[in-house]
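Colleague: Before I use any label for this chain, I want to hear the criterion behind it. Shall we go through them in turn?

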Amino acid sequence: MYQFSIGTSQQFQTAIDKMSRILDHDGVVVIETELEFLTSKEWDELEKLGLRSGLNYETVEVGDAGEPNKVEVGRLITDVDRPRVVDEEISEKILKLLKDPRRLAMLQKLAQLDSPVQIRRMQINLMHPNSFIGLHLDKDSNPDYEISVTLQLGRYFEGGAFVVYRPDGGHTSITPEYQSVTVSRCDYPHKVCTVESGVRASLVFFVSSYDGDNRRLRA
Ligand SMILES: [Fe+2]
């Protein structure tokens, strides 16, 4: 299984601890490939479900946290007032694959959370040339989001770096590789730089230990 593919459970724990420290400090970490968060069969399945199953995409120019955007969004689970599955057929298949308890337990460990976590919101962002996502905080969408997980489904693109800003003024810039898993803290501001060429396609989900209504304060 993916959680043990790195070797002994001690090696697994050491890898998680290391990534957890990076996530805590930088606000972002890429999960080591050796941990095989998803098998290649699962990646293929996700790519097919997300990009070739007729999921409806809408153009978004103002993000959920009010930030300027230019991105095509395929909604799978929305969380405006509470989590709601959008496209049942596609969403349920993707959820079934992602919400494996061992996978969620791994995310809980990475985020150093005491309680089990769940997926509250999930979407696919399609970014063509000139697309970008402006600086924002995920907690402005839902104050109970802890981490977001980005699964990179886009094979070829240039630009589109994911930039996360730390409280000390520093930042980390990551250009996600095909089939990489990037985890980021929802309390650190971040943005996606303009895509220059190709298509940057990613499945993003937001994780929380809280399962009640969205406690976001609305104007
Ligand atoms: Fe975000």
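Modeller: Start with Leu55, in the loop between helix 2 (40-51) and strand 2 (57-62). Helices (H or I, at least four residues) and strands (E, at least two) are DSSP runs, numbered from the N terminus. This is a predicted model, in which local features need pLDDT of at least 70 and side-chain atom pairs count only at pLDDT 80 or more, while totals for chains, interfaces and linings use all residues. Residues are numbered from 1 along each chain as its sequence is written.

Colleague: Why is Leu55 called buried?

Modeller: A residue is buried if 20 or more other C-beta atoms lie within 10 Å of its own, exposed if 12 or fewer, and partly exposed in between; C-beta atoms are placed from the backbone. Leu55 has 20 other C-beta atoms within 10 Å, so Leu55 is buried.

Colleague: Which residues is Leu55 in contact with, leaving aside its neighbours within four places in sequence?

Modeller: Contact requires C-beta atoms, placed from the backbone, within 7 Å. On that criterion Leu55 is in contact with Gly50, Gly74, Asp87, Ile90 and Ile124. Ile90 is 35 residues from Leu55 along the chain, with the C-alpha atoms separated by 7.4 Å.

Colleague: Why does Glu36 count as partly exposed?

Modeller: Glu36 has 17 C-beta neighbours inside 10 Å, so Glu36 counts as partly exposed. Glu36 lies in the loop between strand 1 (28-30) and helix 2.

Colleague: And why is Asn130 called exposed?

Modeller: Asn130 has 10 other C-beta atoms within 10 Å, so Asn130 is exposed. Its place is in the loop between strand 5 (118-127) and strand 6 (132-136). Arg218, in the segment after strand 14, is exposed too, with 6 other C-beta atoms within 10 Å.

Colleague: What makes the phi of Glu36 worth a remark?

Modeller: Most residues other than glycine have a negative phi. Glu36 is not a glycine, yet has a positive phi of about 45°. Asn130 is not a glycine either, and has a positive phi of about 80°.

Colleague: How do you know that the buried residues of helix 3 line one face?

Modeller: The buried residues of helix 3 (residues 88-98) are Ser91, Ile94 and Leu98. Seen down the axis of helix 3, they fall within an arc of 70°, so they line one face of the helix. The arc is that of the directions from the helix axis to the C-beta atoms. On the other side, Glu88, Glu89 and Lys96 are exposed. What covers the buried residues of helix 3 includes helix 2, strand 3 and helix 4.

Colleague: Which residues of helix 4 are buried?

Modeller: In helix 4 (residues 101-110), Met106, Leu107 and Leu110 are buried. Down the axis of helix 4 they fall within an arc of 95°, so these residues also line one face. Pro101 and Arg102, on the other side of helix 4, are exposed. The buried residues of helix 4 pack against helix 1 (9-26), strand 7 (147-152), strand 11 (181-185) and strand 14 (200-208).

Colleague: What makes a set of residues a nonpolar core?

Modeller: Its members are buried Ala, Val, Leu, Ile, Met, Phe, Trp, Tyr and Cys residues joined through C-beta atoms within 7 Å. The largest such core has 42 residues; Leu107, Val149, Val183, Phe205 and Val207 have the most contacts inside it. Not counting residues up to four places away in sequence, Val207 touches residues including Leu107 and Val149.

Colleague: Why is strand 2 described as hardly covered?

Modeller: The count of buried residues among the 6 residues of strand 2 is 0.

Colleague: How many bridges join strand 2 to strand 3?

Modeller: Two strands pair if DSSP finds at least two bridges between them. Strand 2 and strand 3 (residues 68-78) have 5 and run antiparallel, so they pair. Thr59 has Glu72 in strand 3 as its bridge partner.

Methods
Contact = placed C-beta atoms within 7 Å.
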